[in-house]
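Welcome, and please get your viewer ready.

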Amino acid sequence: MRLTGLVLALGLAAGPLAAQDAAKQAQCNKSAAVVMEAVAARKAGAPKEQARRMLRDKLDHTAGDMLSDWIYDLPEDQLTDALGTAWKAQCLAAK
């Protein structure tokens, strides 16, 4: 009986963790998509100010400014899908 109780307790404790992991995964997917939207805009020739406005709308004023500066300062050869993948990995690793 004790083993059954332990397994049940561990299962109940894992439920909230799984929900938190799913929520974080969804949030990181969303933020990586926003980053890649701005990267695509830059690759398409959109001016930095246009990308900045989009990022401000989807994030906030400060984050939009910082992210647009970062994306528009990157060398052209780094504007690949690997950027979104790296962003998502960093997001998932953050506590």
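Throughout this tour, contact means heavy atoms within 4.5 Å. You are looking at a predicted model, in which local features need pLDDT of at least 70 and side-chain atom pairs count only at pLDDT 80 or more, while totals for chains, interfaces and linings use all residues. Residues are numbered from 1 along each chain as its sequence is written, and side-chain values use heavy atoms, with hydrogens and water left out.

**The whole chain**

Start with a cartoon view. The secondary structure consists of 4 helices and 0 strands, giving the pattern α-α-α-α along the sequence. Helices (H or I, at least four residues) and strands (E, at least two) are DSSP runs, numbered from the N terminus. Of the chain's 95 residues, 25% are buried; buried means under 20% relative accessible area, exposed over 50%, and partly exposed in between (1.4 Å probe, protein chains only). Among contacts with a separation of 6 or more, 62% are between residues 24 or more positions apart.

**First selection: Ser31**

Select Ser31, which sits in helix H1. Is Ser31 buried or exposed? Ser31 has a relative accessible area of 15%, so it counts as buried. Its side chain reaches the backbone oxygen of Cys28 at 3.2 Å. Beyond its neighbours within four places in sequence, Ser31 is in contact with Trp87 and Cys91. Trp87 is our next stop.

**Across to Trp87**

Trp87 belongs to helix H4 (residues 81–93). Its side chain is joined to that of Ser31 by a polar contact of 3.2 Å. A polar contact is a pair of N or O atoms within 3.5 Å; within protein, one must be able to donate a hydrogen and the other to accept it, and residues adjacent in sequence count only if both atoms are side-chain atoms. Because its relative accessibility is 31%, Trp87 counts as partly exposed. Show everything around Trp87 and, leaving aside neighbours within four places in sequence, you will find Ser31, Ala32, Val35, Leu67 and Trp70 in contact with it.

**Along H4**

Colour Leu83, Gly84 and Cys91, which are buried. Looking down the axis of H4, you will see the buried residues fall within an arc of 95 degrees, so they line one face of the helix. That arc is taken from the directions from the helix axis to the C-beta atoms. On the face turned away from this buried side are the exposed residues Asp81, Thr85 and Ala93.

**H3 and Ser68**

Move to H3 (residues 61–73). At its start, a side-chain oxygen of Asp60 reaches to within 3.1 Å of the backbone nitrogen of Thr62. The buried residues of H3 are Gly64, Asp65, Leu67, Ser68, Ile71 and Tyr72.

Pick out Ser68, which counts as buried because its relative accessibility is 1%. Its side chain reaches the backbone oxygen of Asp65 at 3.0 Å. Not counting residues up to four places away in sequence, Ser68 touches Lys48, Arg52 and Leu55.

**Last stop: the core**

Finally, select Val35, Ala38, Val39, Leu55, Leu67, Ile71 and Tyr72, the residues that touch the most other members of the 14-residue largest nonpolar core. Helices H1 (2–43), H2 (48–58) and H3 each give two or more residues to this core, with the largest share, 4 residues, coming from H1. A nonpolar core is a set of buried Ala, Val, Leu, Ile, Met, Phe, Trp, Tyr and Cys residues joined through side-chain atoms within 4.5 Å. End on Tyr72, whose contacts beyond four places in sequence are Ala41, Arg42, Ala46, Pro47, Lys48 and Ala51.
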